[in-house]
Amino acid sequence: MRIAVVYGGDKSAEGAVINQTINTRTWKSYQAVAEDISESLKRLGGQQVHLLAEDMSLARKLSDLGIDLVWLNTGGVQGYNPMSHASAMLEMVGIPYVGHDPLTASTLDNKHSFKRDLLALGLPTPLFMSWHPGRSDAAAHETRRFKSIFGDYGGPFVVKPVSGRASQHVHVVDEPEDLKATIDEVYDVTHNHVLIEKFMSGREFCIAVCGHVIAKQGQLERCDSPFVFGAVERVLEPDEMIFTSMDVRPITVDRIRALDPVEDAVVARQLEDLATEVFAELGLETLVRLDVRSDEDGKMYVLEANPKPDLKAPKGEKTSLVCASLANYGMSYDDLILSLLADRIDLLFSQRRGAVAHLASLLK
Ligand SMILES: Nc1ncnc2c1ncn2[C@@H]1O[C@H](COP(=O)(O)OP(=O)(O)OP(=O)(O)O)[C@@H](O)[C@H]1O
Ligand SMILES: [Mg+2]
């Protein structure tokens, strides 16, 4: 099987796009992590693993190289809903991939859409409203909608892009009257809807969840429920209201704390249940990392589900939230990569038989 690991192409590179437009989601290539994934696939036995940038030449390159399966490690190149562009193109050209389908990728990467789904499903997420300054001159906090959502709550609020990453352009605003200036500032950078949320002042956690097929020490097994793992607390400094971006300060082992099996047993159970429910109720099909924060009473609320969590291979002090505690599950980084690959192959052959005639022909 020829595999391509795809990272985000640079719109300013020659031949990448026809016209350069805007980035509604701050751009990053994710190339280094794509290299980690590709090295892992090679260690797992992949003999033909290619690294390719997502851009307008991608379909041609996939065809020229005879690629059978793509691993998506990209947040897109530019434009609106960039997280879904590569999967949409792969659906069109008929190449299976490890990654979310276009609708799921877009829903997860648009926090207001995702949160509407959570609300409809009765899953906890902080009170919120989305606002688009390009479509109204009014101030969000003066609207009837704002009052019906937030009632007597007078702040603090979090203002952030609906499609963001690495805590960029995430602001805490104390008073309703100060919301407009911050909303306009976020809109100026993202040209997109802006999210206003109730500030949750409690502890912050992350937890990862993926499909039913997992590998431990190279041995595959199929579990009855999605595999939930990697529950950690994001340790906030006393004066830190929101977790500082990994682009500003690397995520080192002292900034994330694995949950203690005894002391944090209740919290860990709540997180696992939440992750399982989100995965099942939203019909997810591959890895997400939930970011969860609790209120002053310890009740947990889902901030977001990251559709392409960082899969940096742990090295020295630097690690990624998802991979930090793999050893606790008897898994290595390569086991996680094999799990995600095997789970996708399993899903393709069990639920998408019509879409994998080409892969099936490789077995002959
Ligand atoms: N409603 C909220 N209440 C309290 N803190 C919040 C809230 N929303 C966001 N934060 C803080 O801001 C950080 C970034 O927010 P969020 O996870 O929604 O955006 P992101 O930029 O996509 O994050 P990531 O770094 O996970 O890619 C969170 O980790 C949390 O510390
Ligand atoms: Mg987050």
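View 1. Glycine 283 follows H8 and has a positive phi, near 65°. Helices (H or I, at least four residues) and strands (E, at least two) are DSSP runs, numbered from the N terminus. This is a predicted model, where local features need pLDDT of at least 70, side-chain atom pairs count only at pLDDT 80 or more, and totals for chains, interfaces and linings use all residues. Residues are numbered from 1 along each chain as its sequence is written, while chains are lettered from A and ligands numbered from 1 in the order in which they are written.

View 2. On the buried side (20 or more other C-beta atoms within 10 Å of a residue's own, against 12 or fewer for exposed and partly exposed in between, with C-beta atoms placed from the backbone) sit Leu271, Leu274, Ala275, Val278 and Phe279. They span an arc of only 125° around the axis, so they lie on the same side of H8; the arc is taken from the directions from the helix axis to the C-beta atoms. Facing away from that side are the exposed Ala265, Val266, Arg269 and Asp273.

**View 3. Leucine 290 and its contacts.** Skip its neighbours within four places in sequence, and leucine 290 is in contact with Cys206, Ile207, Leu274, Ala275, Val278, Val302 and Ala305. Contact here means C-beta atoms, placed from the backbone, within 7 Å.

**View 4. The largest nonpolar core.** Such a core is a set of buried Ala, Val, Leu, Ile, Met, Phe, Trp, Tyr and Cys residues joined through C-beta atoms within 7 Å. Of its 70 residues, Val6, Ile207, Leu290 and Val292 touch the most other members.

Key. Contact = placed C-beta atoms within 7 Å.
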